[in-house]
Amino acid sequence: MTTRLSRRAALASLPLAGATTAATAHAAPTASAAASAEGAAHPAGPSGAEALRLAFVADTHVGPENDETMPRLHAVFDAIDQFDPTLVIHGGDVTEHGTEVEYEAFDELVPDRLRDRMVAVPGNHETRWDSTAGERRHRWIGDDVRVRDVSGVRVILADTTAHQQEVAWWSEQALADLDDAMTAARNLPRILVTHFPMGEGYYYVANQQQFEDVLAEHPISLHLTGHTHREVLARVNRRDQLEAAAAKIDAAYYELTGTVDSLDVTRVEIPDVSAPTDVVRTPVTTYDLRPGRGTDTAMPRGVEPVDDGDAVTVDVRLPRPFEGAIDAALYDTSVYAGRNDELSWTALEERHGRFSGALDASEVAPGDNRLHLRMRPEDRSGNRLLTVPYVRGSSGVAWTNALGGMVQSGPVLARRDGEDLLVVGSSSGLVAGIDHVGDTLWTEQVPGEIRHDLLALDDGKSVVVPDSSGILHRLDADGSTQWRYDTGTPTAADPGAGLLAGTDALLICSGSTLHAIEASSGAALWTAELPASAMGAPAADGDRVYIGVGDGCAHALDARDGTSLWTTSLTDKSGSYQRFIYGPWNDAISVLPDGGVIASGIADTWCLDPADGSSRWRLEGSFQYAREAVTGDGDLVLANEAGEIVRVDPATGEELDRHATAERVLDEGFVLVDDVVYAASHSGLITAVHLETGDIEQLTRLGIAPVLAPGTAFGDHIVFGDLAGTVHAVERV
């Protein structure tokens, strides 16, 4: 009988020796895995005669409630079992939304003899709605960068997901681990596995050029991916990429058989899931896994983009005469975690070995921007893609402070020695106090990652910092610790604050447990079990606590003891997965001055009556991501996902005006100062919307890293952090 431990270990391959990974417990490796670990640092050279027998599957989206998907998946894994591969590779989106019951259901799908042969990468569905700060994902799937050497080939599995986001990102640590895995492979051919595909017109991974820079030093020949639910064969930068059809939809997987220099790929479909041995095999292609050697002479030796008013001119030099064509296109900042199959390419003209041209940049915002170069050699070796940064006009940034890690938590202002300072946290666990010129005054290190918003207490005299290990830290304005509260489990939620029956309190949900904590002492007041997990900030009005929960509902609890008072559904979806993603799982609840409770799902925002949860009014649109604000005149201001700033009458929900910015607005939201809304987009575009006049100004684009955390006003500046761990200050208008 297979033990529970070995079942969990079945998905987890070997962590790269020396790699720094999340501080979570992992299942012990099986004997076969331990044997592979011994050879991971010093792999044996391939003889060239080893027979490869691999299975590749992606996007299973296991959901035990789905009566259509589960029979397909049973058939797929029964067919893989009949194939009897040496290794089964899963390209991510193992589950629908990363719950324990879904992982267990996937575990039941895997035939016993394949358990120790199964390796997987996580997808956005394992990360987007995760309430465990990655603990469950790491426990079931494994470390961020792992290797498995099999039949003379090194398989490298890399996690590019971003915490509770759709967009993917190569962290500095993941890139370093990838580089180490490549270097340690020596002369082994390498197959890379990630969930997200990369290449021309693809914006799933926001910093894919940094990945390309690593591969320029360590070429790979084959990249296996999923995510798009479509079978696509592509060739970019001298490597082949296979995007797999989704097993959830097509009841299909891929067999990779042959040798290093001739690896045949066959698509295997099961037309009748009740007969998994009756399969249809369709040859797809043949790959040569031997990596290209030497410098890629089709890649530019030098690129010089120059801002020239309404145009950006670009001049490209290659290391030797080039037979082919070169095109350029502006980076499409409007796309978030998606693709653009119809980029507007401009052909560059060749003169004396240089390729030059001009791109219309009249609509490009000032600040940090990017453009693509596409090299199309005539030798059929495939297109090359290079993404190049450039600055248009002035950067518009007064100062920056590089914290490292990733900034996904909203900063706050603290008050120290009569002066305000900015307190911001990073995924590295670093908390920093920063002054008005961007200098770091103090730092504090917490044990977990900081991924969720900070809170200021007592007019900035202290700051509350949540970390992913499940600890809330109350820090003095000088960074010293006042107290710590341990929720007992990993935590991935924004904290809230309010008055609970006369006591100033903090509120945070750890999984499905809501904790009420005395703000002054850090002592527990009460806990309440919710019907599902919640990641948004709760709110309180003295008598009640309000919270959006992953069951699709807004809940009110008694402020004295956490008992349930009322529940209001904010979605008409059915099934736990659909109700979760369309409900208020990530919403920061607001209580209006007149007592109305603002709660948002994906489809609309509701103003609920605090007494019974009945609807006072409803506003259509996706307003969940950005926190709302109230103007000095008492109007309610919201930002929807489309990037529109909407002002409404809080008493009736009547729309007063609406202003469209250029790009999507997500968790970064906006900062309201007097009658000006400073909206940030996912790509770091900062826009000033003047509510009184309706004027809209594009101030700057902060950088080339996504901005996915709320900002704040800080003196004469508006401050936002980005996924590269940099804090940017922009002058207010």
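**Cavities, a residue and a helix pair**

Guide: In this predicted model, the second largest cavity holds about 140 Å³ of space. Among the 16 residues lining the second largest cavity, Ala206, Tyr331, Arg370, His682 and Pro706 are the closest to its centre.

Visitor: How many nonpolar, polar and charged residues are in that lining of the second largest cavity?
Guide: The lining of the second largest cavity has 10 nonpolar, 4 polar and 2 charged residues.

Visitor: And what lines the largest cavity?
Guide: It is lined by 17 residues, with His452, Asp453, Asp494, Asn586 and Asp667 nearest the centre of the largest cavity. By class, that lining comprises 4 nonpolar, 6 polar and 7 charged residues. The space in the largest cavity is about 210 Å³.

Visitor: On to alanine 493: buried or exposed?
Guide: Alanine 493 counts as buried because its relative accessibility is 1%, and buried means under 20%. Alanine 493 sits in the loop between strand E30 (481–486) and strand E31 (496–500).

Visitor: Which residues does alanine 493 touch, leaving out those up to four places away in sequence?
Guide: Those residues are His452, Ile508, Cys509, Ala534 and Met535.

Visitor: Switching topic, at what angle do helix H3 and helix H4 pack?
Guide: Helix H3 (residues 69–83) and helix H4 (residues 100–109) pack at about 40°, and their axes are 9 Å apart. The angle therefore makes H3 oblique to H4.

Visitor: Which residues meet there, between H3 and H4?
Guide: Met70, Leu73, His74 and Phe77 in H3 meet Ala105, Phe106 and Leu109 in H4. This contact of H3 with H4 has 6 nonpolar residues, 1 polar residue and no charged residues.

Methods
Residues numbered from 1 in each chain as written. Predicted model: local features only at pLDDT ≥ 70, side-chain atom pairs only at ≥ 80, totals over all residues. Heavy atoms only, no water. Axes fitted to C-alpha atoms, helices over the stretch in contact; angles between N-to-C directions. Helix = DSSP H or I, 4+ residues; strand = E, 2+ residues; numbered from the N terminus. Parallel < 35°, antiparallel > 145°, perpendicular 65-115°, else oblique. Contact = heavy atoms within 4.5 Å. Nonpolar A, V, L, I, M, F, W, Y, C, P; charged D, E, K, R; others polar. Buried < 20%, exposed > 50% of the residue type's maximum accessible area, 1.4 Å probe, protein only. 1 Å grid on protein atoms, 1.4 Å probe; cavity = no way out; pocket = protein on both sides within 12 Å on 5 of 7 lines; lining within 4 Å. Points joined across faces, edges and corners; volume = space filled by probe spheres on them.
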